[in-house]
Amino acid sequence: MKDVMIWTGAGQIGMAITRRMGYGKKILVGDKSKEKAEIIAKIMNDAGFDVVPMEMDLSSRESILELIDKAKEFGDISMLVNAAGVSPSQAPIESILKVDLYGTAVLLEELLNLEVLQPTNIKDTLHAYQMAKRCNEKRVMAESVKWGKRGARINSISPGIIVTPLAIDEFNGPRGDFYKNMFAKCPAGRPGTADEVANVAELLMSDKGAFITGSDFLIDGGATASYFYGPLKL
C-alpha cells in the first residue's frame, strides 16, 4: 500500500506541483475530460510516476466522492492538489461558481444558495471568478481549524497570469488586452510559469512549511501591488 495523492484538474500547474510532491505515491488524477486525464497520466507515468486517470466532474458531489472512494482503495490519502477550475472566458457564471467554488467546498452545498451568489447578482463571468476565489480564501482559513485537529494542514495559492492553456484562452478572449496589459505593467513585466507556482506549493506541502496553514499565497508578479501603487492603478 502506498500513500495516495489526489490531483484534480489535469493541467500544467497541477502537473508541475505533482512532479515535485508525487514521487513514490499512488496518484489519482481526475479531470472532466477522461482523454485529457489519460494524456497527462501517460506523460507522468513515462517519467516514472504512478498515476491513474479518472473522469471527474468537480461540479458534481457524486463524482468527487467516487474519486475519493477510488483513492481509498490504494491506501491512505496523504495529499490533495486541487488544480481544477475554469476561467472567465471558458464558461458561464453558473459553471464558474459550481466548479471554482462549490467543487472546492463540496460538503457545504448551501454556499451556492447564498443571495450574493445568485447569477442575477453577478455582473459577469469575471465577477463570478473573483467571487469564487475570494470565497475559497476564506474557506481555506475555516477548514484549517478543522483539519488541524486531524494533524493536517491546508493552504491555497492564488496565481496571477500563468502561461497555461487556460491563460491562453484568456489572452485570446474578450479580455485579452486587459490581461496582456496586466503582466506588461506589473513589476515582474511578464507572465509566470507553472513551475514557479510549484516552487511555492513544494514549500507549503513539505515539512519546511509545517507552521503554515490557513493561508493564501499570491503569486502574480506584483500585479495586485501595481493596481494599488503602480501604473495599473484605477
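Lys32 counts as exposed, because its relative accessibility is 61%. Exposed stands for over 50% relative accessible area, buried for under 20%, and partly exposed for values in between (1.4 Å probe, protein chains only). This is a predicted model: local features need pLDDT of at least 70, side-chain atom pairs count only at pLDDT 80 or more, and totals for chains, interfaces and linings use all residues. Residues are numbered from 1 along each chain as its sequence is written, and side-chain values use heavy atoms, with hydrogens and water left out.

Lys32 sits in the loop between strand 2 (26–31) and helix 2 (34–46). Helices (H or I, at least four residues) and strands (E, at least two) are DSSP runs, numbered from the N terminus. Which residues does Lys32 touch, not counting residues up to four places away in sequence? They are Glu55, Met56 and Asp57. Contact here means heavy atoms within 4.5 Å. Ala84 is 52 residues from Lys32 along the chain, yet their C-alpha atoms are separated by 9.2 Å.

## The chain as a whole

The chain has nine helices and six strands. Of its 234 residues, 41% are buried. Take the contacts in the chain with a separation of 6 or more: 66% of them are between residues 24 or more positions apart.

The accessible surface of the chain is about 12,800 Å². Carbon and sulfur atoms hold 55% of that surface. Such areas come from the Shrake-Rupley method with a 1.4 Å probe; for residues, only the protein chains shown count as cover.

## Helix 1 against helix 8

Helix 1 (residues 12–21) meets helix 8 (residues 194–205). Their axes come within 8 Å and cross at roughly 45°. Helix 1 is therefore oblique to helix 8. Angles under 35 degrees count as roughly parallel, over 145 as roughly antiparallel, 65 to 115 as roughly perpendicular, and the rest as oblique. The axes are lines fitted to C-alpha atoms, for helices over the stretch in contact, and angles run from 0 to 180 degrees between N-to-C directions.

The crossing of helix 1 and helix 8 is right-handed. A crossing is right-handed if the near helix is turned clockwise from the far one by less than a right angle, and left-handed if anticlockwise. On the helix 1 side, the contact involves Gln12, Ile13, Ala16, Ile17, Arg20 and Met21. Helix 8 brings Ala194, Asp195, Val197, Ala198, Asn199, Ala201, Glu202 and Met205.

## Helix 1 against helix 2

How do helix 1 and helix 2 lie, roughly parallel or roughly antiparallel? They are roughly parallel. Their axes cross at roughly 30° and come within 12 Å. This crossing, too, is right-handed. Met15, Thr18 and Arg19 of helix 1 meet Ile40, Ile43 and Met44 of helix 2.

Ile43, in helix 2, shows this pairing at residue level. Ile43 is partly exposed, because its relative accessible area is 37%. Leaving out residues up to four places away in sequence, Ile43 touches Met15 and Arg19. Met15 is 28 residues from Ile43 along the chain, and their C-alpha atoms are separated by 9.6 Å.

## Two buried polar residues

Ser156 belongs to strand 5 (residues 156–159). With 15% relative accessibility, Ser156 counts as buried. Its side chain has a polar contact of 2.7 Å with the side chain of Asp216. A polar contact is a pair of N or O atoms within 3.5 Å; within protein, one must be able to donate a hydrogen and the other to accept it, and residues adjacent in sequence count only if both atoms are side-chain atoms. Not counting residues up to four places away in sequence, Ser156 touches Val140, Ser215, Asp216 and Phe217.

Arg139 lies in helix 5 (residues 125–148). Arg139 counts as buried, at 15% relative accessibility. The side chains of Arg139 and Glu143 make a polar contact of 2.6 Å.
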